[in-house]
Amino acid sequence: MPQTWDPAEEHNVAGDELLSVVATTDTGTGATILSVAGEADMLTAPVLRQRLDEHFGADRTPIIVDLSQLEFLGSNAIAVLFDVHERASAEGRAFAVVAATRVVRRPLQVTGLDTTLSVHDDLDQALKAVHASAAQRPHHEP
Amino acid sequence: MNFNPRWLSEPFDDVRPPLQLQMVATDRNVSLARRRLRDWLTADVSSELVDDLVLAAYEAMTNAVEHGYADCPHGPVRLQARRSSDHVLITVSDDGSWRVPINDHFRGRGLSLIRLLADDVHIAAGPDGTVVRLWAEAPYEGLAHLRSRPAARRATSLGPPAAR
């Protein structure tokens, strides 16, 4: 083995530089769309968790996490998606994931999460899914 | 007890110099090591296999960071990747002792993820450290023409590589 490698000599990066989350609102459904770009791994999973949590307001609007621009998805970030899914279920909030690329689909598939989460090939499908899911749900305040 | 696969004791004929990195086990370092591994593999491995092996090796490195050094953080983690004319062998090792996570739904899946992504996996865990070896069939086609692996081959990837 060579001498200890110190990547700080090559890159000096923080978690919030490697992952970005941009929020938009779909006017038709009122859904919050969170577009995640970059690399979702052990380093950036806390950033992902924080940014997703920020959008869980009191109003129970549907949430769509769009992973189309994601370049890596590791198990730490998958655990975040699972927790967000559980939280949305507990709140009676529609939640869907857009996973278009193999680099995102593959880890969801091998962890079995693709059958637990509402996973879609594109944003249109995800919007239809949250719309249908919101329509089915009886409208009542807790 | 670990069954020792045949490939573990067979000679490995490198077709190019291995990638060898030893780093302090931190979340930042293993993220950057993952990028180095991706670059190294991309030279002559199909893109689908690159994705799978990068994810598997990364999960092994995160286990070293999260579980290997629970008692004494910042121990070393080592990543080695080797290329022969028909296989890739990736070794991730640390000097810590893994704890098997019990009530953690997804951390526990890190290991099963590793097992599903490589053609074969050998894990040697002891009090002085853990060595994870990932083995994958990967026909060497030189540097130029990389094709995706046939889908059928991935479907049979759960067991050890077939005898040739």
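Which side chain of chain B does the side chain of A:Asp41 meet in a polar contact of 2.7 Å? In this predicted model, the partner is B:Ser31, whose side chain is joined to that of A:Asp41 across the two chains.

A:Asp41 lies in chain A, in the loop that runs between strand E2 (32-40) and helix H2 (45-53). With a relative accessible area of 0%, A:Asp41 is classed as buried, because that value falls under the 20% limit.

When neighbours within four places in sequence are left aside, the contacts of A:Asp41 are drawn from both chains: A:Phe72, A:Asn76 and A:Ala77 on one side, and B:Ser31, B:Arg34 and B:Tyr58 on the other.

## The interface of chain B and chain A

Between them, chain B and chain A bury about 3100 Å², of which 60% is on carbon and sulfur atoms. The contact involves 33 residues from chain A and 37 residues from chain B.

Seven salt bridges are found across this interface, and one salt bridge is formed by A:Arg102 with B:Glu48, where the closest N and O atoms are 3.9 Å apart. Polar contacts across the interface amount to 11 residue pairs, counted where both residues have pLDDT 80 or more. On the side of chain B that touches chain A, at least two residues each are supplied by E1, H1, H2, E2 and H3 of chain B, and the largest share, 11 residues, comes from H1(B). By residue class, that side of chain B divides into 15 charged, 15 nonpolar and seven polar residues.

## The nonpolar cores

The largest nonpolar core has 44 residues, and those with the most contacts inside it include B:Met23, B:Leu37, B:Leu41, B:Met61 and B:Leu134. Among the elements of chain B that give two or more residues to this core are helix H1 (27-42), helix H2 (47-68), strand E3 (87-94) and strand E5 (129-137), while the largest share, 12 residues, comes from H2(B).

Not counting residues up to four places away in sequence, B:Met61 touches B:Met23, B:Val30, B:Ala33, B:Arg34, B:Val77, B:Leu79 and B:Val92.

Methods:
Residues are numbered from 1 along each chain as its sequence is written. Chains are lettered from A and ligands numbered from 1 in the order in which they are written. This is a predicted model: local features need pLDDT of at least 70, side-chain atom pairs count only at pLDDT 80 or more; totals for chains, interfaces and linings use all residues. Side-chain values use heavy atoms; hydrogens and water are left out. Helices (H or I, at least four residues) and strands (E, at least two) are DSSP runs, numbered from the N terminus. Buried means under 20% relative accessible area, exposed over 50%, partly exposed in between (1.4 Å probe, protein chains only). A polar contact is a pair of N or O atoms within 3.5 Å; within protein, one must be able to donate a hydrogen and the other to accept it, and residues adjacent in sequence count only if both atoms are side-chain atoms. Contact means heavy atoms within 4.5 Å. A nonpolar core is a set of buried Ala, Val, Leu, Ile, Met, Phe, Trp, Tyr and Cys residues joined through side-chain atoms within 4.5 Å. Buried area is the accessible area (1.4 Å probe) that two parts lose on being put together, summed over both. A salt bridge is a side-chain nitrogen of Lys or Arg within 4 Å of a carboxyl oxygen of Asp or Glu. Ala, Val, Leu, Ile, Met, Phe, Trp, Tyr, Cys and Pro count as nonpolar, Asp, Glu, Lys and Arg as charged, and the others, Gly among them, as polar.
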